[in-house]
Amino acid sequence: MSIIATEQVSHSFHDKWLFTNLHFALNKGDRIALVGINGTGKSTLLKILAEQIVPTTGKVVKERGIKVGFLSQEPSFKGLETVNDFIYSSDNQQQQLIKAYETLLNSDEIDHHKLAQLTDQLSAMEAWEYEHNIKTILNRLQISDFTQSIDSLSGGQKKRLSLAKLLIDEPDVYILDEPTNHLDIETIEWLEKLLVTGNKTVLLVTHDRYFLDNVCTEIRELDKGQLHSYKGNYTYFLEKKSEREAIDAVAVEKAQNLLRRELEWMRRQPQARGTKSKARIEAFYDLEKKSKSGTKTENVKLSVKMSRQGSKILELENISKSFQEKTVIDRFSYTFKKGDRIGLAGKNGSGKSTFLNIISLGIVPDSGNVAVGETTKFGYYKQEGLTFNPSDRVLDIVKNVADFIEMANGDVITASQLLTLFLFPPEKQHTFVEKLSGGEKKRLQLMRVLMSNPNFLILDEPSNDLDIDTLNVLEDFLENYGGVLVLVSHDRYLIDKLTDQLFIFEQGGNLTIHNGNYADYRSEVEELSRIEKAKSPLPLLKDSASKTEKKKLSYKEQREYETLEKEIVEIETLIRQQTEILNTINDHEQLTAIASDIEKLQKDLDQKSERWLVLAEYI
């Protein structure tokens, strides 16, 4: 039975119908990914389900008491001033107690009498585990300054703050629009584990294929206003989608052949047709519609000329950079070579964007030298997004760079023709840029970077907000790109596919070079970790005192953690099944027996969950 669903929902945007009479339902425990090209209405559908916007027609129905958590691409903090105001809800007693407790602990002078009162209240409400969960979430998402003004936060910090609040509130339904944007890879891996634990109901839009495969068990594609469902992972979806499109193509071809015959019949008929012909006339118009439904799906075509590259490309000699006494790069040297394909890895704030700005001559290092070759031509795709005036139209964005562009094969095309190749048809080229979807703006920004024919391409989080189809085309282009590629991305699939060398940003500005992609690096780190554990095995965690001392799990504890994950899911399934049986019987003895079983299962679940949380701290 659905816990949230749409009823004949239709929605138009800028006089264009995104979908009509759409039915979309979520059952408890579903973990669904919504995919589709940019501009099809994925984010709009999420907002409708989360009741952030009202559909043009139709409505959303949900089970009584269901709490929906929504993560928007652009979170709103209206009426809230500080991080503290947002994190702790005024109508949640436990959260307000925890807020008072944390505020008191961080004050210059601690009122021990008040502290004792708060401690007793937290114990009475059994809120200590909740307090521990909140701290874990905030630490993972790098939120530490609770007095900071929300207005002073960057876009990435606001997205992480919004995600933290959603996870803390533990809603019945998680609706997430690009949840991995602005997260580092370690945090994404932690979020994956969190979402698959506890039979959560999840609906998400993501471009991250590893995240999609690890979290979701079903994929729904929104294509030309229609929904197509596929049980399984992304690879299975691609196979089945290909089969569906082949079947559709055959059906459309048959319809087009039949249409030619029916069109001839329509032309032969007199203007005043008899009633016997009405059904055939109606069938003709249905057939005409079907014959046009198979319009070939277009793909972005990335094919631009690369500027000639000389022997000297870029040399870094002992460069260092610090901000407010924090060193992010310390005496790093490297000589870039033809064909270099380098990925940058490290936590948020570790210095990756600073490094990109230094090598592209955007900022000057505190010390050291940056020498750029005479023929080196940078193309820098920045994650900040496209800058434009409200009066700019799509065609203006391209013409501001050039009216004519040379392609890889030597052809010279107009700005309008290039836009068409990037799936901006003529009617859209005169649209105001501000009316484009987030993904369409990113696609336009990418096009502007590539049309300058760079031979040194710098991509800072290129996958944010791009649909997976466009990403696949970008990957194919970059695999055959002959210049130097430097890539920052939290998308592990993208890093693995496109790079063969990593620059690892560590604490203290230490920057190390790893030969291989991210998957190779993770395997190496895990292998070194296993060797270290074998040399000095750590004791099992027994109490809270050991939490502050322990840093990593032993092999035995790792196995225990994995086993607990499976056992928790099994127990939750048993509780749900027993509860369903409980609601269908009337016999008093059976009711008592089943209720007793549920109580035992719940105690077992609480114990295992508590142990899992302790171990999860060190994963």
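Start with strands β13 (residues 341–345) and β19, which run parallel and are joined by 4 bridges. Strands here are DSSP E runs of at least two residues, helices are H or I runs of at least four, and both are numbered from the N terminus; two strands pair if DSSP finds at least two bridges between them. Pick Gly343 and you'll find its bridge partner in β19, Leu487.

Before you go on: this is a predicted model, where local features need pLDDT of at least 70 and side-chain atom pairs count only at pLDDT 80 or more, while totals for chains, interfaces and linings use all residues. Residues are numbered from 1 along each chain as its sequence is written, and side-chain values use heavy atoms, with hydrogens and water left out.

Asp460 stands opposite Val488 in β19. Now show helix α16 (residues 468–479): β18, α16 and β19 make a right-handed β-α-β unit (with the strands pointing away from the viewer, the path from the first strand over the helix to the second runs clockwise).

Time for rings. A search of the whole structure turns up 15 aromatic pairs. Select Tyr230 and Phe237: the ring centres are 5.0 Å apart and the planes at 75 degrees, so this pair is edge-to-face. Rings of Phe, Tyr and Trp (its six-membered ring) pair if their centres lie within 6.5 Å, with planes under 30 degrees apart counted as stacked, over 60 as edge-to-face and the rest as tilted. Both Tyr230 and Phe237 are buried.

Hop to Phe355 and Phe505, an edge-to-face pair at 5.8 Å centre to centre and 75 degrees between the planes. Phe355 is in helix α11 (residues 352–359) and Phe505 in strand β20 (residues 501–505), so the pair ties together parts 150 residues apart in sequence. Phe355 is buried at 0% relative accessible area, and Phe505 counts as buried at 4%.

Last stop: Arg393 lies over the face of Phe432, 4.1 Å from the ring centre.

Technical notes. Buried means under 20% relative accessible area, exposed over 50%, partly exposed in between (1.4 Å probe, protein chains only). A charge sits over a ring if NZ of Lys or CZ of Arg is within 6 Å of the ring centre and within 35 degrees of the ring normal.
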